[in-house]
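Let's walk through this one together, with the coordinates open in your viewer. Have a look at it first, and then we'll start with a helix.

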Amino acid sequence: MRTRYKRLSDYGIPDVEIRGLYDLCRNLDDCERELLHVAAIDSCPVGIVSYVEQSLIDGVSYDAMSKRGEWIPIGRDDFYGYRRKALAVFYWEMKGMKINETEC
């Protein structure tokens with residue numbers, strides 16, 4: 001399945017945890033912010049990493065960024081597909097940290 005069509009549940013994230021995951025992204029500590037940055041780098045094309053991070057951390061939509069005059073080098077469907085992928089990578093990295101009790 002193409003990235004643009006995948007939902008968070010396709011990445012194995014339970015529906016009950018999705019809302020909390022978005023809330024977590026808006027209240028990250030320094031360690032979690034770095035982890036999200038790495039997840040975005042691992043899952044997105046280079047040209048959109050900062051846009052995906054901004055969208056997740058600040059809750060800014062693709063359309064709002066575009067209206068501010070920012071040129072995002074991919075379309076909306078692909079952008080949100082990569083945003084979900086980055087969020088899934090972040091989720092599983094966070095789960096791994098909690099299991100291993102790894103600190104930054």
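Which residues in α3 are buried? They are V49, Y51, V52, E53, S55, L56 and I57. Buried here means under 20% relative accessible area, with exposed being over 50% and partly exposed in between (1.4 Å probe, protein chains only). Seven of the 10 residues of α3 are buried, so this helix is largely enclosed by the rest of the structure. Helix names like this one come from DSSP runs (H or I, at least four residues, for helices; E, at least two, for strands), numbered from the N terminus.

Before going further, a word on what you're looking at. This is a predicted model, in which local features need pLDDT of at least 70 and side-chain atom pairs count only at pLDDT 80 or more, while totals for chains, interfaces and linings use all residues. Residues are numbered from 1 along each chain as its sequence is written, and side-chain values use heavy atoms, leaving out hydrogens and water. As for pLDDT, that's the predictor's confidence in each residue, on a scale from 0 to 100. The chain has a mean of 91, and 92% of its residues get to 70 or more. Confidence is highest in α3, at a mean of 96, and lowest in helix α5 (residues 76-100), at 89.

Now for the partner of α3. Two packed helices are described by the angle between their axes and the distance between the axes. Helix α2 (residues 30-43) packs on α3 (residues 49-58) at about 135 degrees, and the axes are 9 Å apart. That makes α2 oblique to α3. The axes are lines fitted to C-alpha atoms, for helices over the stretch in contact, and the angles run from 0 to 180 degrees between N-to-C directions. On that scale, under 35 degrees is roughly parallel, over 145 roughly antiparallel, 65 to 115 roughly perpendicular, and the rest oblique. On the α2 side, R33, L36, H37, A40 and I41 meet V49, E53, L56 and I57 of α3, where contact means heavy atoms within 4.5 Å. Sorted by type, the residues of this contact are six nonpolar, one polar and two charged. For that count, Ala, Val, Leu, Ile, Met, Phe, Trp, Tyr, Cys and Pro are nonpolar, Asp, Glu, Lys and Arg are charged, and the others, Gly among them, are polar.

Next, the loop between α2 and α3, where you'll find I48. With 1% relative accessibility, I48 counts as buried. Setting aside neighbours within four places in sequence, I48 is in contact with I72, P73, I74 and Y82. Back in helix α2 sits E32, which also counts as buried, at 15% relative accessibility. Again leaving out neighbours within four places, E32 is in contact with L24, N27, F90 and M94.

At the other end of α3, the helix is followed by G59, whose phi is positive, near 75 degrees. G59 is one of the residues touched by R26, along with S55, L56, I57 and D58, not counting residues up to four places away in sequence. R26 itself lies in the loop between α1 (15-25) and α2, and is partly exposed, with a relative accessible area of 38%. The C-alpha atoms of R26 and Q54 are separated by 9.8 Å, though these residues are 28 apart along the chain.

Two more pairs are worth a click. R2 is in the segment before α1 and counts as exposed at 52% relative accessibility. R2 and G81 are 79 residues apart along the chain, with 8.7 Å between their C-alpha atoms. D63, found in helix α4 (residues 62-67), is partly exposed, with a relative accessible area of 32%. From D63 to R76 is 13 residues in sequence and 8.0 Å in space, C-alpha to C-alpha.
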